Amino acid sequence: MLSFFGFVSSPGISNVSRRKMTTTRIHIMALDGIVNVNSLFTLALFLGITTTSTTNTLIDADDTDCAAGTSISEGLIAFHVYSFSSFLFSSLIALALKNVINFSKDIDDGDVLAANNNNSWVHSVAKINTVVLRLGTLVSAFGSVFGCGFLVVALVDLVQIKLGTIACGSPHTFAAVTPLLVLVPSALLIYVFLVLFAFTR
């Protein structure tokens, strides 16, 4: 008899097999999420690196005290590259883990996962080391965290180039930087907490 989620209720299926099925699916979904988000950030950063100009500014020509120096312009490019590298590293780790899961799938006649049109049931379980899988997912997640951190610093440098340095005390600069330095780190802290919580479960 089919259950609500499409699995077969059969005495021959062990709870261990079902648990392994659920764990593998959850890890694949988590890795897919990491890759999808990182891909968007990586594309945005690539476009940012290739199109950002450090010479265009909204500061008045006579207000030289608020103009960003060369070090801030260099930091903008450097942190863009650091962020790009972090997201790319995270995506490659996640893709590698996903490929390991897919390549190590093995057919077991005693387990059931899905049905084809002929109602013959097959279940594939990935036989992989759970500890390695969790560590790899954790490393990939922290790669995304570092990428977001570097991206925040790069955006702060961009705001200083366009609107004036923080030391100058421009209200427009503070209005742009404050949400960036409050919301993003708060979200990253929540993300890290939830990842570590899931890692210990």
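Predicted model: local features only at pLDDT ≥ 70, side-chain atom pairs only at ≥ 80, totals over all residues.
Helices here are DSSP runs of H or I with at least four residues, strands are runs of E with at least two, and both are numbered from the N terminus. On that basis the secondary structure of this chain comes to 4 helices and 4 strands.

Residues are numbered from 1 along each chain as its sequence is written, and side-chain values use heavy atoms, with hydrogens and water left out.

**The chain as a whole**

Buried means under 20% relative accessible area, exposed means over 50%, and partly exposed lies in between (1.4 Å probe, protein chains only). Of the 201 residues of the chain, 31% count as buried. The accessible surface comes to about 12,300 Å², and 68% of that belongs to carbon and sulfur atoms. These areas come from the Shrake-Rupley method with a 1.4 Å probe, and for residues only the protein chains shown count as cover.

A contact means heavy atoms within 4.5 Å. Among contacts between residues at least 6 apart in sequence, 73% join residues at least 24 apart.

**What the record says**

The UniProt annotation "transmembrane region", from an unreviewed entry, covers residues 28-49, 77-97, 131-156 and 176-199. Such positions are given in the numbering used here, feature names are shortened, and annotations may be inferred rather than shown by experiment. In the model, residues 28-49 are 100% helix and 0% strand, with end C-alpha atoms 31 Å apart. The span 131-156 is also 100% helix and 0% strand, and its end C-alpha atoms lie 38 Å apart.

A salt bridge is a side-chain nitrogen of Lys or Arg within 4 Å of a carboxyl oxygen of Asp or Glu. Side chains of opposite charge can pair when their charged atoms come close. A search of the whole structure finds 1 salt bridge. Lys 98 and Asp 32 form it, with their closest N and O atoms 2.5 Å apart. Lys 98 lies in helix H2 and Asp 32 in helix H1 (residues 15-51), so the pair ties together parts that are 66 residues apart in sequence. Lys 98 is partly exposed at 23% relative accessibility, and Asp 32 is partly exposed at 25%.

Rings of Phe, Tyr and Trp (its six-membered ring) pair if their centres lie within 6.5 Å; planes under 30 degrees apart count as stacked, over 60 as edge-to-face and the rest as tilted. The structure holds 4 aromatic pairs. One of them is the stacked pair of Phe 79 and Phe 150, at 6.2 Å centre to centre with 25° between the planes. This pair links distant parts of the chain, with Phe 79 in helix H2 and Phe 150 in helix H3, 71 residues apart. Phe 79, Tyr 82 and Phe 150 form one aromatic cluster.

Phe 79 also turns up among the contacts of Asp 157, together with Ile 72, Gly 75 and Leu 76, leaving aside neighbours within four places in sequence. Asp 157 has its place in helix H3. Asp 157 and Gly 75 are 82 residues apart in sequence, while their C-alpha atoms are 6.9 Å apart in space.

Ser 90 is in helix H2 (residues 70-103). Not counting residues up to four places away in sequence, Ser 90 touches Ile 34, Asn 38, Ser 140, Ala 141, Gly 143 and Ser 144.

The table gathers relative accessibility for some residues of interest.

| Residue | Relative accessible area | Class |
|---|---|---|
| Ser 90 | 0% | buried |
| Asp 157 | 10% | buried |
| Phe 79 | 24% | partly exposed |
| Phe 150 | 25% | partly exposed |
| Thr 130 | 38% | partly exposed |
| Phe 193 | 55% | exposed |

Thr 130 is found in helix H3 (residues 130-163). Thr 130 and His 27 are 103 residues apart in sequence and 9.9 Å apart in space, C-alpha to C-alpha.

Phe 193 belongs to helix H4 (residues 171-200). Ile 190, Phe 193, Leu 194 and Phe 197 form a nonpolar surface patch, with about 440 Å² of accessible area together. Patches are made of residues with over 30% relative accessible area and no salt bridge: like charges are joined within 9 Å, and nonpolar side chains (Val, Leu, Ile, Met, Phe, Trp, Tyr) within 5 Å.
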